[in-house]
Every structure is written in structure tokens, then in C-alpha cells.
Amino acid sequence: MTGRRVLVVTHSGRPEAVTAEEEAVAALEAAGFEPVLAGDDMPGMSFHDIELAIILGGDGTILRAAELARAAGVPLLGINLGHVGFLAESERDDIGDAVRRVAAGDYAVEERTTLQVQVQLPGARDPIVGWALNEAALEKAEPAKMVEVVIEVDDRPLSSFGCDGVVLATSTGSTAHAFSAGGPVVWPEVDSMIVVPLSAHALFARPLVVGPRSVVAVEVLTRSPSPAVLVCDGRRRIEVPAGSRVEVRRSPVPVRLARLTPAPFTDRLVKKFDLPVVGWRGRSPELDGMRSRRGSATTPE
């Protein structure tokens with residue numbers, strides 16, 4: 001063993017995942033790594049000397065691993081065993097190649113913005129604090145009723161309405177819950193927060209994109225017919241009764257993702273959503289040549 005340790009996180013309960021885990025462990029050991037298998041005791045485990053975490057599953061498994069690796073700054077390398085797997089870097093058949101690339105240090109690490117969430121309950125002294133990589137979704141707690149909210153941006157009220165909820169997402173999460181609710185796709189390098197009302201009864205309830213230093217607050221009005229619940233990344237749940245205030249801002253602690261290829265986000269979008277690009281011809285070489293000659297002719301010496 002070289003002393004290099006890699007955490008292996010697997011979607012439990014799926015035969016395919018068990019087989020993939022066995023293959024990953026064998027490949028890691030053959031490459032000289034010490035595999036560390038994540039079990040039910042993950043919340044209490046130490047990330048000391050963990051070089052990287054290999055995630056075998058879909059986006060949900062990656063989000064589970066992010067809960068534990070974020071504070072330690074351990075990069076996550078996702079190998080997709082799910083359907084879309086937008087956060088994953090490789091597919092099931094690429095496990096061996098991914099391990100070889102990691103062994104050679106042939107990968108890059110990019111940081112993805114996360115959200116810091118504070119929920120101030122009525123009468124409570126201190127807020128409940130949470131975070132999210134994809135989104136913090138405020139949703140009505142009673143299916144047959146609406147939740148009445150008012151949106152605030154940078155300490156100024158924007159609009160109040162009844163709705164099914166409000167999704168507050170990062171650029172990374174723009175292709176998740178926010179996308180299914182009608183929000184825009186935002187390129188990961190755009191440092192922003194997306195606000196998407198859900199089924200709002202209002203004339204002005206369009207998705208918003210705000211800057212990285214903005215603070216968005218959602219207050220559940222005291223007259224709201226339904227209380228709300230705040231769900232972070234589909235995993236962490238906070239009850240939000242009427243009269244509560246939710247504040248969301250950019251967190252100083254990112255999630256680190258390992259990348260094996262510098263493929264443009266456009267290619268990832270086309271591949272994951274199976275978008276039709278038939279008929280695309282690309283830039284004409286002749287036109288490029290004309291532009292180059294024109295540029296050289298007008299460039300001062």
C-alpha cells in the first residue's frame with residue numbers, strides 16, 4: 001500500500017451497485033490505494049488522509065457523500081449508476097479508467113458554490129442553520145392548501161403571493177428541482193442564486209437570477225393557510241411554521257468535484273438530456289480563415 005486512501009460511497013441495496021463497488025475496490029487495490037468503504041457509520045467517520053471519494057450511484061448518492069465530505073474539502077468523483085447523473089463524471093463502464101486517472105493524479109478539482117440557509121422560527125432565539133449544494137426548497141406542508149409567502153431580496157420586499165412553494169437553487173442545482181419547476185439552466189461557472197416560485201397565484205412570479213452577494217429571504221406569512229417545510233438537497237428537512245423567516249445566501253464553504261475531462265458544459269447538457277443536435281454544422285473553416293486574414297490586415301504593427 002502507498003498510504004493513499006480513497007473513500008468509496010455506494011448506493012446501498014442495489015445489486016448493480018454492489019457489483020460496481022467490488023470492481024472499484026479491486027481496481028483501487030491494484031493501483032496501490034487503500035479503499036475505505038462507507039457504511040452506516042459515515043456521519044461519525046474521520047476524513048483524515050482521504051485523498052478523494054469515489055461515488056457509485058446517481059446524484060442522490062453524490063449529495064449524500066457531499067454531506068460528509070464538504071467540511072473536510074475532500075473531492076468527489078461520481079460514477080453514474082442512476083438515470084441522468086448530472087453531477088457524475090463517469091459512467092458505469094469507466095470505473096477502471098477512472099481509477100487509473102486518479103492514481104496518476106490526472107484529474108482536476110473544481111469548486112461548486114453552496115447555499116447557507118437560516119430558518120428563524122417565531123419566538124426562537126437562535127436560527128436553525130443548514131446548507132445545500134443543489135437547492136433549498138420551501139414547500140407547503142398541507143397538500144390541499146397554499147402557503148402564503150413574501151419574497152425579499154437584499155432587505156427589500158419584492159412580491160407576496162400564495163403558492164406551492166419556492167425553490168432557491170445554485171447554478172449547479174439549476175438542472176435539478178429548479179429546472180423541473182420551469183427555472184433557467186445556468187452554467188456552473190456563473191456564481192448566482194436562482195429563485196423559482198412553484199405554482200404561484202400572482203401576476204409577477206417569474207424565475208429570478210440574483211448575484212453572488214445577494215441575500216434572498218422568504219417569509220411565511222402569519223395568515224398562511226398552510227405551514228411549510230424546507231428541504232435541502234432532498235435530504236435535510238426543517239419544519240417552517242407560519243410566521244417563520246428563511247434567509248438564503250452564498251456559503252463560504254464549497255463542495256469540491258473531481259473532473260477527468262474538460263468537456264464543455266454544453267456537451268454535458270446535450271448528453272444528459274439527450275438533446276437533438278442533428279443538422280449542426282459548426283463554424284465554417286473557410287469563414288475562420290477569412291476572419292483570421294481580416295484580423296491580421298487590420299492589426300497595427
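The report below takes these topics in turn.

## Basis

This is a predicted model, in which local features need pLDDT of at least 70, side-chain atom pairs count only at pLDDT 80 or more, and totals for chains, interfaces and linings use all residues. Residues are numbered from 1 along each chain as its sequence is written, and side-chain values use heavy atoms, with hydrogens and water left out.

Helices (H or I, at least four residues) and strands (E, at least two) are DSSP runs, numbered from the N terminus. Two strands pair if DSSP finds at least two bridges between them.

Axes here are lines fitted to C-alpha atoms, for helices over the stretch in contact, and angles run from 0 to 180 degrees between N-to-C directions.

Inside this order, β15 (residues 216-220) pairs with β18 (residues 245-250) over 4 bridges, in the antiparallel sense. V216 has V248 in β18 as its bridge partner.

## Sheet with β14 and β17 at the edges

Another open sheet of 6 strands runs β14-β13-β12-β9-β16-β17, with antiparallel pairing. Its edge strands are β14 (208-210) and β17 (236-240), each pairing on one side only. Neighbouring strands are turned by 20 degrees against each other on average, direction ignored.

β9 and β16 pair in the antiparallel sense over 5 bridges. V231 belongs to strand β16 (residues 228-232). At 16% relative accessibility, V231 counts as buried; buried means under 20% relative accessible area, exposed over 50%, and partly exposed in between (1.4 Å probe, protein chains only).

What does V231 touch, leaving aside its neighbours within four places in sequence? The contacts are E135, A136, A137, E139 and R236, where contact means heavy atoms within 4.5 Å. V231 and A132 are 99 residues apart along the chain, and their C-alpha atoms are separated by 9.1 Å.

## Helix α3

Helix α3 (residues 95-103) has the buried residues I95, A98, V99, R101 and V102. These cover an arc of only 160 degrees around the axis, which puts them on the same side of α3. The arc is that of the directions from the helix axis to the C-beta atoms. An α-helix has 3.6 residues a turn, so residues three or four places apart point the same way.

The buried residues of α3 pack against α1 (15-30), β3 (50-57), β4 (76-80) and β5 (90-91). Just after α3, G105 takes a positive phi of about 70 degrees.

## Salt bridges

A salt bridge is a side-chain nitrogen of Lys or Arg within 4 Å of a carboxyl oxygen of Asp or Glu. The count by this rule is 19. One of them joins D106 to R101, with the closest N and O atoms 2.6 Å apart. R101 is buried at a relative accessible area of 17%, whereas D106 is partly exposed at 40%.

D164 and K140 meet in a salt bridge at 3.0 Å, N to O. This pair links distant parts of the chain: D164 is in the loop between β11 and β12 (165-170), K140 is in strand β9 (residues 135-140), and they are 24 residues apart. Both ends are partly exposed: D164 at 27%, K140 at 22%.

R236 and D233 form a salt bridge at 3.2 Å, N to O. D233 is buried, with a relative accessible area of 5%. Salt bridges that share partners also join E89, E110, R112, R259 and R268 into one network.

## Cysteines

How many disulfides are there? The count is 0, a disulfide being a pair of cysteine sulfur atoms within 2.5 Å. For C163, the nearest cysteine sulfur is that of C232, 17 Å away. From C232, the closest cysteine sulfur is in C163, and that distance is too far for a bond. C163 is buried at 0% relative accessibility, and C232 is buried at 2%.
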